[in-house]
Amino acid sequence: MDGRTALYDAHSGISLGVLERESLAGGRACAFVPKNEDGSATLQLIVGAVDGTLMLWDSLTRKCLGERKVRDGSVTAVACTHDGNIFASGSSEGNLELWDRDLHCLHMERRCHDLGILGCCFSPDNSLYGECDVTRYLLASCGQDKRVVLWTMAAATSGISLKRRFSLEGHTSSVVTCSFSPCGNLLATGSLDKLAIMWNTVTGEKMLTITEHKRYVTACCFAPSPTYLITGSMDKTVKLWSFVGPEVPKYSVGACAVPVPVAVQRNMHQWTIGDVATWLRAEGLEELVQTFQRNHINGQELLQLEKQSLVKDLHIESLGLRNTLYRKLDNLHRAEAATQLDIPEEFLCPISQELMKNPVVIAVPSHPSGDSCSDD
């Protein structure tokens, strides 16, 4: 917020310099611009500031190549197409604007999100949406209105058009981050509701909800290869998720992350015996699969399991194995409870989305005369 943009070497962490402008207005968003296909452009950086300025920098010479003002509000999000030809900016007024490399505004969509846009990104692969005579890009935006919008942007010699493809609803609080998978068929979003959601960009279908963060999810990003998703949260954890096939996470990597089985996407009461077996394998408890299947443990039975039952009824002799299983069950109970809560939004903190305790009730005194306040 000091009006400077710092550059660092990603391998060594050494500072490479600072991009400074005369105005002290702080930066809110930045994105590197890919080089042109002919390699003619140098490595550039697009930066958006709180005073509504959009700036294009040469990151090697640290010179500002141009700047423009957005229509209204602060710049809260920026993104570039994979070929570096078009920029997108989102504002605190909810406007989505498209720009060329010379920062000429090509198109503006007003009030896309109530109360402002918080994030936007382009798909790195537009092969699903391309045509012979028109270059099509897939753009995602998210904002304060709890929604994620997928847009199809068509670039032709006649100009630019932007068409709403899907409006994705599944979050219960502001959506602050979004990221496409390398092939563009999946979109991950993070929200102040503590959830990360994965969407199918072709159908608009919700593929997965990750409930493992204790505070709001502020960052998410797909790795190029193999298929990994990283989520970051204000609970001070970064979690790495790996996938089975292109769509469904099988387990998470790292001590801080809690595994998410395939079956957890359905209500536990609906789990079949096979779903329970899938969960055990995902949790590294393969040796218990036959025991649970032999005792016909489905989702309802799993919810009723108590610690003493592990010895008395299931005959699990190993103390370490029993304790591990019980911890996994406790995590599963908490994940299930988090997805089933139906608390009125006014009872939740607007920032942390946690249940407010001992709320302060403010009493407004009446006019001394006992009448209502007036201008007289």
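Asp72 is partly exposed, with 26% relative accessible area; here buried means under 20%, exposed over 50%, and partly exposed in between, using a 1.4 Å probe and protein chains only. This is a predicted model, where local features need pLDDT of at least 70 and side-chain atom pairs count only at pLDDT 80 or more, while totals for chains, interfaces and linings use all residues. Residues are numbered from 1 along each chain as its sequence is written, and side-chain values use heavy atoms, leaving out hydrogens and water.

**Salt bridges**

What does the side chain of Asp72 meet in a salt bridge? The partner is Arg110, which is partly exposed at 41%. A salt bridge is a side-chain nitrogen of Lys or Arg within 4 Å of a carboxyl oxygen of Asp or Glu. Side chains of opposite charge can pair when their charged atoms come close.

| Pair | N to O distance |
|---|---|
| Lys69 and Asp51 | 4.0 Å |
| Asp72 and Arg110 | 3.6 Å |
| Arg281 and Glu286 | 3.5 Å |

Lys69 lies in strand 6 (residues 63–69) and Asp51 in the loop between strand 4 (44–49) and strand 5 (53–58), so this pair ties together parts 18 residues apart in sequence. Strands (E, at least two residues) and helices (H or I, at least four) are DSSP runs, numbered from the N terminus. Lys69 is exposed at 52%, whereas Asp51 is partly exposed at 26%.

**Helix 1**

Helix 1 spans residues 273–282, and its buried residues are Asp275, Val276, Ala277, Trp279, Leu280 and Ala282. After the helix comes Gly284, with a positive phi near 80°.

A pocket is an open set of points on a 1 Å grid over the protein atoms alone, where a 1.4 Å probe fits, with protein on both sides within 12 Å along at least five of seven lines; lining residues have an atom within 4 Å of a point. Of its 15 lining residues, those closest to the centre are Cys80, Cys121, Phe122, Ser123 and Pro124.

Is Cys80 buried or exposed? It counts as buried, at 14% relative accessibility. The count of disulfides (pairs of cysteine sulfur atoms within 2.5 Å) is zero. For Cys80, the nearest cysteine sulfur, that of Cys120, is 9.1 Å away.
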